[in-house]
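Take a look at the structure below. A short tour follows, one region at a time.

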There are 2 protein chains.
Amino acid sequence: MPTQKEVAERAGVSFITVSRVINNGAHVRESTRKRVEQAIRELGYEPSFAGKALNTGKNDTIGVMAPSGFGDMMENAYLMGVLRGIEAACREANKDVLISPITENGNTDYLRPYRQRKVDGMIYIGLRRMNNTILGELANRKIPCVVIGDRPQVNGVCWVDTDNEEAGYETTRRIIDQGHRHIAFHSINEDMYNPNIFGREKGYKRALREAFGSGATISVLRAGYDRESVRGSVLEVFGKPGETPTALFCATDNQVIAALSAFRKLGICVPSDVSLVGFDGFLPSFLIEPEIATNVQPLEDMGRTAVTMLIAQSEQHAAQPHGKVFPVSFIPGQSLAPPRNGQGQNGRKSAESRR
Amino acid sequence: MPTQKEVAERAGVSFITVSRVINNGAHVRESTRKRVEQAIRELGYEPSFAGKALNTGKNDTIGVMAPSGFGDMMENAYLMGVLRGIEAACREANKDVLISPITENGNTDYLRPYRQRKVDGMIYIGLRRMNNTILGELANRKIPCVVIGDRPQVNGVCWVDTDNEEAGYETTRRIIDQGHRHIAFHSINEDMYNPNIFGREKGYKRALREAFGSGATISVLRAGYDRESVRGSVLEVFGKPGETPTALFCATDNQVIAALSAFRKLGICVPSDVSLVGFDGFLPSFLIEPEIATNVQPLEDMGRTAVTMLIAQSEQHAAQPHGKVFPVSFIPGQSLAPPRNGQGQNGRKSAESRR
DNA sequence: TTGAAAGCGCTAACAT
DNA sequence: ATGTTAGCGCTTTCAA
C-alpha cells in the first residue's frame, strides 16, 4: 500500500507537496500538481486514514448503536430504513458508518468506539431505552450523539423523532369519523419502555375524550412484543361474549399480523366485522387483502437528519442540544370502514355460528 | 480524551510502561502495574485506535459491502440476518464493523475503506453480482475478502454459500413425492444474475428429469424482482385456460407473496387447487394461512463463518482461497399437499365460475 | 524491570 | 511555490 512518501518520490517532489495536492492544495504550481496527480493515479495511492486521524483528531466515521432484541421482520425493516438514510447521508458527507451492537447482549460497551477515537460521534436507534450509564458518559465526555425515535432529556444529546401523539390522535379521529365509537387500542405492557407506542396511546385517548367526553370507551389492550402474546390479548378481548370493539388500532404492524391471525380464528372479518388500522407502514408490501390502513414514518429522512445534526454538533463545538419532530403519514386502506350497524353496535355473528 | 502520556504522568512512570501494561505487559512489576491500572481507570483512558493502527498496520475493523436495490422486507431480512452473524462474530473477536454501501447507486467506491486502511478486510453480501473492477482490485492488492451468497472463482477470494442446487432438488422431490407431476418453478429473468436462484432452478430441473425423464414437464416462470411483474407472470401461467400446474415452487418468499395475491385474484386456493412452496424462511413470521412451506438458510451462521474465514485469511498472510457450503433446511407447511385429482390433472373450477 | 529513541503516515506551522 | 521541522498516540527496538 503506497504512502505519500512514495508518491512524492515518483513525482520528484517532497511529500508535503503531495499532502497539499490532496487537501485542496492551494499554492501548488499547475505542472507540479499534474505530476503529483499522475503519480497518485499510477500508484493507486489513497491517504491512510490513521495518519490523518492522528493529526486532525477527526476520523470521518460515525458510530451507529442499534441494540435490538428480536430480529423480526418489522424490527429489521425499521432498522434498515433508518440505516439506509444514515448511510446515504454519510456517503454524501464522506463519512463512514461503524455499526456497533445490533444484537443486544447486555454487556456491550457501546461507547468504546468513541473512546478509541474510531468515531467522531454516535447515533442511537431507540428500539430500546438508552441506559443511564451511557447517557451519563455521553454528557460527561460531551460525546456528540443523536438519538432516533426517543427524546432523552439530557444535556447535549440531540434527537430525531416522529410525532407519535399526533399520529395516534389523527388516526383515532379518522376511525371516529367513520362512525366508530367503541375503538380499542393495542399498546404494550406498561413496564416495557417504548415512548413511541406510549405516545400513540396518549393520542388515542385524547381523541376519544375529545370526541365523547366522559362517555368515551377507552379500551387498551396490552401484551409483549411477541406475536403470541398479542394474539392472546386480541383473542381475549374480541372473543368474549357481548359487545366488543368495532375497530382495533394497533400500535405496530407486528400487532396487526397477530390480530389478523386472531380474527381469523374468531371468524371475524376485516373490515365488515371490525376495522383494523396499523402503524409503521410495512404492511402494504405484503399485499394483504384487505389492504390494511396504516401509518408510515419517514425513516430514511430521519436517518439523514440525524447525520446532519451529528455533523453540525461535532463541528460547532458549542453543543446546541435540540430535537426535530417528523410527521407521520396515514396510509388509507380498505381495512378501515364504517361499522356495520352505525354507532358501534356490534352485530356480528358469534364466532361459533360462523364456523 | 486522555492519552498514554497523561496516564503515565499520573502513575509516575514513563508512557512506555503504560503501553506495556495495556498489551498484556510482560516485565512490569506488580506494584507498577497496579498503579498504572489505577490511573487508567481514574482517567477513563482507552488507547487511541489511530496511534495503534499507524504502528501495527491493523485496525481491527472489517468492512461490509452490501449493495442492494430495493430495500424491501425480504432483502432487509436477508441482510440483517447475515449482518447479525457478522456483528456477533466480530464483537467476540474484538473487531468492529464498517458498513459501506447499503443502497447501490452505481458509482460507489466499495474498496475505498480498505485503501484508506480503515478496514483489514471486507465481506461482500452477494445480493448483486460483484463487478469485475472490484474483483480485479481484490486480486491485485490481495485484499482479504469473503463473499456471502456467491462463489466468485477468483484468486484469494473466499466465499460462504448455501447449497441452492441441492435445496432446489430436495424441495422439488418433496413436491413430487406428494403426487404432483406438473410443477412450475418461479425463477427470475435470465439476464438478472442471481446464482442462488439459478442454482435452485437447476436443482428443480434435475429432480424433474430424474423422476419423469424426457416426459418431464418443465415450466419455468420468469419475472423481475418486483412483485408486480411476478404477479403478472403467475397470472399469465395460472390464468390461462386448460391444464395448469398443480404446484408452484417459488425461488423466493417475495415471489410467494406475489403469487398468493395472483391466486387470490384467480380464485385459486392453496393448497386445494395449487400447492405452494417458497424459499428463504421469512414467511412463517407472517402467520399466513395456510402456513407456507419454505426453505431457510442459516444466515447468521453464514455471517459468522465469513468473519472467521476473513480473520484467518488476513492473519495467515498465505491466502488460502476456499469456500464453505451450508445446507438449507426445509420448513414444512400446509401449503404443500397432494394434488386434488391424483396425477396432476387439474380439475379446479375456472376463475370465472368461482367469483 | 524500566526508559529513551525512532518511526508509523500524515498535517500544521514555519521557513525559504 | 515548495521544503523543513515537529508532533499527533502509539509500538518496537535497543539501552540501561
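This is a predicted model: local features need pLDDT of at least 70, side-chain atom pairs count only at pLDDT 80 or more; totals for chains, interfaces and linings use all residues.

Start at the DNA. DNA strand D has 24 residues around it. Those that come nearest are His27(A), Arg29(A), Gln4(B), Ser19(B) and Gly51(B). The largest share comes from helix 4 of chain B, with five residues. By class, the surface near DNA strand D holds nine nonpolar, 13 polar and two charged residues.

Now turn to DNA strand C. It is surrounded by 24 residues. The closest are Gln4(A), Ser19(A), Ser48(A), Gly51(A) and Arg29(B). Helix 2 and helix 4 of chain A supply at least two residues each, as do helix 2 and helix 4 of chain B. Here helix 4 of chain A gives the most, five residues. The surface near DNA strand C divides into nine nonpolar, 13 polar and two charged residues.

Next comes the contact between the protein chains. In it, 44 residues of chain B touch 44 residues of chain A. On the chain B side, several elements supply at least two residues each: helix 4, helix 5 (73–92), strand 2 (96–99), helix 6 (112–115) and helix 11 (253–266). Helix 5 of chain B provides the largest share of that side, nine residues. The chain B side is made up of 23 nonpolar, nine polar and twelve charged residues.

Strand 2 of chain B has a partner across this contact. Strand 2 (residues 96–99) of chain A pairs with strand 2 of chain B in the antiparallel sense, over three bridges. Within the pair, Ile99(A) stands opposite Val97(B). Strands of a sheet pair through backbone hydrogen bonds, either parallel or antiparallel.

How many strands form the open sheet? There are twelve, with mixed pairing. Their order is 11(A)-5(A)-4(A)-3(A)-1(A)-2(A)-2(B)-1(B)-3(B)-4(B)-5(B)-11(B). The edges are strand 11 (323–326) of chain A and strand 11 (323–326) of chain B, and each pairs on one side only. Neighbouring strands are turned against each other by 20 degrees on average, direction ignored.

The sheet also has a parallel pair to look at. Strand 3 (residues 121–125) and strand 4 (residues 145–148) of chain A run in the parallel sense and share four bridges. In this pair, Ile123(A) stands opposite Val146(A).

Now pick out a helix. Helix 8 (residues 164–177) of chain A has 14 residues. At 1.5 Å a residue, helix 8 should span 20 Å, and its end C-alpha atoms are 20 Å apart, so the two values agree. Which residues of helix 8 of chain A are buried? They are Asn164(A), Ala167(A), Gly168(A), Tyr169(A), Thr171(A), Thr172(A) and Ile175(A). An α-helix has 3.6 residues a turn, so residues three or four places apart point the same way. After helix 8 of chain A comes Gly179(A), with a positive phi near 110 degrees.

A cis peptide bond joins Val270(A) to Pro271(A), with omega about 0 degrees. Pro271(A) sits in the loop between helix 11 (253–266) and strand 9 (275–277) of chain A. The peptide bond from Glu289(A) to Pro290(A) is cis as well, with omega near 0 degrees. Pro290(A) belongs to the loop between strand 9 and strand 10 (294–296) of chain A.

Finish in chain B. Asn94(B) has a phi near 60 degrees, a positive value in a residue other than glycine. Its place is the loop between helix 5 and strand 2 of chain B. Lys142(B) lies in the loop between helix 7 (132–140) and strand 4 (145–148) of chain B. It has 14 C-beta neighbours inside 10 Å, so Lys142(B) counts as partly exposed.

Definitions and conventions:
Residues are numbered from 1 along each chain as its sequence is written. Chains are lettered from A and ligands numbered from 1 in the order in which they are written. A residue is near a molecule or strand if its C-beta atom, placed from the backbone, lies within 6 Å of it. Ala, Val, Leu, Ile, Met, Phe, Trp, Tyr, Cys and Pro count as nonpolar, Asp, Glu, Lys and Arg as charged, and the others, Gly among them, as polar. Two residues are in contact if their C-beta atoms, placed from the backbone, lie within 7 Å. Two strands pair if DSSP finds at least two bridges between them. The expected span of a helix is 1.5 Å times one less than its number of residues. A residue is buried if 20 or more other C-beta atoms lie within 10 Å of its own, exposed if 12 or fewer, and partly exposed in between; C-beta atoms are placed from the backbone. Axes are lines fitted to C-alpha atoms, for helices over the stretch in contact, and angles run from 0 to 180 degrees between N-to-C directions.
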